[in-house]
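Here is a short report on one protein chain. Look at the model first, then read on.

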Amino acid sequence: MPDQRELRLPDEVRLHVEVSGPPDAEVTVILLHGWTLDGRAWHKQLADLRDRFGDRIRVVSYDARGHGRSSCMALRTATLAQLGDDLAAVVDEVSPAGPVVLVGHSMGGMTVMEYAHRHPAHFAARTVGLVFVSTTAEGHTHTAYGLSPRIARLIRIAETTGAGMLARCGAWRPPRPLLRALAPSIRWMLFGDRCSGADIRLVTSAVARASLRSIGGFRASIGTQHRLATLAALAHLPAAALVGDRDRLTPPPCAESIAAALPATELTVCPGAGHMLMMERPDEVNAALAGVLHRVLTATPAGLPPRPRRPADTPSHPATAGHPTG
């Protein structure tokens, strides 16, 4: 079972963090979920990583502020910039030394880019590999929901207006009866040709645990972020990008532009798949992640940031560390 802990950030937001693997593992993998989801989205990757790599790696997942079991936040901090700062804090607290591979789905991938943009020296000192799953570096530039441009524009206007209203609802969460009624729409928006009932239930459960402030508040910065120039500076890193050809939120041009900015990136397009590749195509996601990890683990030791062996996993900043939760 993973170690569950709480990380208290400087603005008093509490992040729910789960860690598995030894503190002196060769590499730490940090998994970042998408908008309105939580760390459970990676459950198929967590099992595969344990089977493939055992104690050679340490795996960290956490619920972003306002999502899952993490606490809500002030509306002004519902931004990708703040999520990038949060990721820097997670790296310092949970993996204070040694190489890190960052894996981001949707908003999680955008968080990785924001971390690289806002903390370039910190990022460069620690990060040795990247995996981008169903994400974009160009905001809503390519998002057309699989519809005509005119209808897509109308939907975006309605979505933006609705997001502003939801953002003012604070820590309230979506009513579960409403989410059950919206399940067909969630299935259409997030999945491709096929998905299991268990996947729909997990996604619906995650949305039910996201605060209305996070559902509405992050929409503006997600739509306007542009970080292709930031990515271009990371071209030396082992990387992979994956996308489904039925993805209505971050369609193939999003992954293609990421791959163009990172020429060494292995690009995988999954036929018939939608936005939730970790669930829809776990084998492809697992293989891409394993490929990056194998490249990192076989790199010369001189090319990796050192991880000193420590007898215990003590927090690097005791004054801000949280306490294990049940």
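G54 follows helix α1 and has a positive phi, near 55 degrees. Helices here are DSSP runs of H or I with at least four residues, strands are E runs of at least two, and both are numbered from the N terminus. The model is predicted: local features need pLDDT of at least 70, side-chain atom pairs count only at pLDDT 80 or more, and totals for chains, interfaces and linings use all residues. Residues are numbered from 1 along each chain as its sequence is written, and side-chain values use heavy atoms, without hydrogens and water.

Helix α1 spans residues 43-53. Its buried residues (under 20% relative accessible area, 1.4 Å probe, protein chains only) are Q45, L46, D48, L49 and F53. An α-helix has 3.6 residues a turn, so residues three or four places apart point the same way. The elements below are among those that cover the buried residues of α1, by contact (heavy atoms within 4.5 Å).

| Element | Residues |
|---|---|
| β3 | 27-32 |
| β4 | 57-62 |
| α12 | 277-280 |
| α13 | 282-297 |

Now a helix pair. The axes of α6 (residues 176-190) and α7 (residues 197-209) come within 10 Å and cross at roughly 125 degrees. These axes are lines fitted to C-alpha atoms over the stretch in contact, with angles from 0 to 180 degrees between N-to-C directions. The contact includes L179 and I186 of α6, and I200 and V203 of α7.

The whole chain has 13 helices and 9 strands. Of its 326 residues, 56% count as buried. Among contacts between residues at least 6 apart in sequence, 84% join residues at least 24 apart.

Key
Buried means under 20% relative accessible area, exposed over 50%, partly exposed in between (1.4 Å probe, protein chains only).
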